[in-house]
Amino acid sequence: MTVPDTTTARLSKEPPVYTHAAKVIVVGEATVGKTSLIVRFVKGIFKPSYILTIGVNFYVQDIYLPNRVLRLQIWDTAGQERFGPIRRRYYFGTKGAVLVYDKSSEETFQRLEYWLKEISQHAGDIPVILVGNKADLKEIISFERGKQFAMAHRLTFLEASAKTGHQTVRLFNLLAFQVSNYLSRHY
Ligand SMILES: Nc1nc2c(ncn2[C@@H]2O[C@H](COP(=O)(O)OP(=O)(O)OP(=O)(O)O)[C@@H](O)[C@H]2O)c(=O)[nH]1
Ligand SMILES: [Mg+2]
């Protein structure tokens, strides 16, 4: 007779709290604040120093929606050009995306079309939330410009600051809500 491993036995009796799980991806140019937004949301902290993401990273957060608990598997990707081939392999199976630009940088806004194309090519017609990050800095891209772009491409739009925490919780709650609706429609 084999002796049961008590640790495994105890773990296996505990049902996961979440009822649904979904993979989501965060993309956009390098330094726009993708990692900072996720870390602010998941850990509640902000680091002023820039540590570039190499390839991809992975975070998990459970979101309590009215009808379900959704486990978001948040894939934080590298915006630097040289990581493109690695990043593009991680779109498979994503059910939602956050597309980030830096409100204080025209260049990152100009690249949004490129990112939308990459999302639709590799992940299909998934919900996308457009985020103008760094709302605490001197504004180059106005709220109106961001909103116009979002409306033209049928994206949800908000401005946020990973530094102050402005709208960061709302961002991921909105994402969870939209992903949850997407799951209901497609699965
Ligand atoms: N003032 C301000 N700085 C921010 C904000 N968000 C991020 N930063 C800073 O911007 C720099 C880049 O942030 P990251 O989160 O590493 O950017 P990233 O988009 O993950 O960059 P890659 O991983 O290279 O693609 C860091 O120095 C952050 O501290 C913000 O809302 N306001
Ligand atoms: Mg990063």
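Author: Two strands are taken to pair if DSSP finds at least two bridges between them. In this predicted model, strand E1 (residues 20–27) and strand E4 (residues 96–102) are joined by four bridges and run parallel. Across from Gly96 in E4 stands Val24. In general, the strands of a sheet pair through backbone hydrogen bonds, either parallel or antiparallel.

The sheet as a whole is open and has six strands, in the order E2-E3-E1-E4-E5-E6, with mixed pairing. Its edges are strand E2 (56–64) and strand E6 (156–159); each has a single partner strand, so one side of each is left without a neighbour in the sheet. From one strand to the next, the twist averages 25 degrees.

Helix H2 (residues 34–43) lies across E1, E2, strand E3 (69–77), E4 and strand E5 (128–133), and runs at about 150 degrees to E3. Helix H6 (residues 143–152) also packs on the sheet, where it touches E5 and E6. The direction of H6 makes about 165 degrees with that of E6.

Leu72 sits in strand E3. It counts as buried because 25 C-beta neighbours lie inside 10 Å, and the cut-off for buried is 20 or more. Leaving out residues up to four places away in sequence, Leu72 touches Ala22, Val24, Gln61, Ile63, Phe172 and Ala176. Lys23 is 49 residues from Leu72 along the chain, with 6.0 Å between their C-alpha atoms.

Outside the strands, Ile45 gives another case. Ile45 belongs to the loop between H2 and E2. With 10 C-beta neighbours inside 10 Å, Ile45 counts as exposed, since the limit for that class is 12 or fewer. Apart from neighbours within four places in sequence, Ile45 is in contact with Val39 and Arg40. Gly165 is 120 residues from Ile45 in sequence, and their C-alpha atoms are 8.6 Å apart in space.

How values were computed: Residues are numbered from 1 along each chain as its sequence is written. Chains are lettered from A and ligands numbered from 1 in the order in which they are written. This is a predicted model: local features need pLDDT of at least 70, side-chain atom pairs count only at pLDDT 80 or more; totals for chains, interfaces and linings use all residues. Helices (H or I, at least four residues) and strands (E, at least two) are DSSP runs, numbered from the N terminus. Axes are lines fitted to C-alpha atoms, for helices over the stretch in contact, and angles run from 0 to 180 degrees between N-to-C directions. Two residues are in contact if their C-beta atoms, placed from the backbone, lie within 7 Å.
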